[in-house]
Amino acid sequence: MIARLGRSIRARLALFASAAMVLLCLATGTLLLWAVHSTVVDIRTREVVSTALRVVHLIKEHDLPRVISLELHGLQVVDANGRVVSSTPNLASSPRLTYANPEPADANRIGSLCDRPEFGGECQIMIAFRVYEPDGDLIVYAFGPMPPWYISPAVVILLAAICAAVVVLTWFGVSRVVARTLAPVHRITEKLAEITAGDGTLRVPVPENAEEIRALAQTANQTLARLEQAVEQQRRFASDASHDLRSPITAMRAELEAALLDPEQTDWHAAGDRLLGSLERLQHIVADLLTLTRLDAGEPGRLEPVDLAELAASETARPRSKQIVTTLQPEVVVTGDRLRLARLLTNLLDNAERHAEGTILVTVRRDDLAVLEVLDDGAGIAPEQREVVFRRFTRLDASRNRDAGGTGLGLPIAREIAEAHGGTLRLEDSEKGARFVLRLPVRNE
């Protein structure tokens, strides 16, 4: 299949190159014929002019015969009354062939004469000379053969042979070059087929010389590496998701089984509260998964002007277990989905509430961008772990490890929302605790 495809591509490219060469040969041949034809016409014209000047000399010497033999297709000398006073033998009995006289201010005129039976219907180069005489001006008409557009059959045959040779060389040259160029592509394709068959750890061969193909192979290997990483992340995500979904389900099952073993002694109200807590956690996980699915699918939000200070004031006014201190610069307006931006801030506040010792600082300000910061006074996160916390279902070994109140999806959802709005969400340096910084483009009024 791969070899057949390669032969097909090689044949098509060779055909296209040959067709292009044919067109180039036709254009070049046409220009060359035109140039040679023009040159030959100039040479013939000079020959006719030279011969006509000899006749002019005879007139000036008063030695012009009635019939004059010259190396021309024809010649006529016409007097001021329009009578033919001298001509070549082939035109001895012919009337005046043309009335194309030189302009009054000119002594000569160059043109052509066609469709005359005296010349077999062939076109002739015509030269007309005015000879000034006391008894009246004489006009000397000299006629020479006009070369055909192809000049001669030999010229056409030579050009056709050269063009055919160039086209054949182009066909074989392009076929060979394409075959050598596609050889590493064939090897890459074969290796990709092996990778598709199941071994995702393989990589395509990188050729040594072909720079473009080498770049293609390197890009393909980078894509395969990212794909392998994405597949591995997907596996981990599925494993973590199933674990996080299984935990509340297992807790509810254990609670129910324990209650059913001794229904008379079971405090059903307390059991219901515990089951409700597990259901609430399960509901949060499912809701977060649905939110991530919508964000991954690029589902558009409802865009409107959103004042970050107003949004932060609204969200921080809700009761929480930790003290929230706000510093809000007014009229920091962005364009976005208010509900999603509220979800982003809520996720940051929920995360900070779980890990803060007593205080959460929320700041809204404007510089080149709109900036929203959420800072807690907890244990903080090590620099090498700052990107890890944005991975889905991430578990840290540090003291900020996800507790029972979180789903492991809040921070990834917050970053997805930030990026969907053309902004960034990062963990940045702080003296104490974790400092999450959201930056969004400011709305242009």
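Predicted model: local features only at pLDDT ≥ 70, side-chain atom pairs only at ≥ 80, totals over all residues.
Modeller: Residues are numbered from 1 along each chain as its sequence is written, and side-chain values use heavy atoms, with hydrogens and water left out.

Biologist: What makes β10 and β12 a pair?

Modeller: Two strands pair if DSSP finds at least two bridges between them. Strands β10 (residues 370-376) and β12 (residues 435-440) have 6 bridges in the antiparallel sense, so they meet this definition. Strands here are DSSP runs (E, at least two residues), and helices are runs of H or I with at least four, numbered from the N terminus. Within this pair, E373 stands opposite V437.

Biologist: Why are β7 and β11 called edge strands?

Modeller: The open sheet has the order β7-β9-β10-β12-β11. Both β7 (323-328) and β11 (424-428) pair on one side only.

Biologist: Why are α5 and α6 called oblique to each other?

Modeller: Helices α5 (residues 308-316) and α6 (residues 338-355) pack at about 50°. Angles run from 0 to 180 degrees between N-to-C directions, with axes fitted to C-alpha atoms, for helices over the stretch in contact. Under 35 degrees counts as roughly parallel, over 145 as roughly antiparallel, 65 to 115 as roughly perpendicular and the rest as oblique. The two helices are therefore oblique.

Biologist: Which residues of α5 make the contact with α6?

Modeller: Contact means heavy atoms within 4.5 Å. On α5, the residues are E310, L311, A312, E315 and T316.
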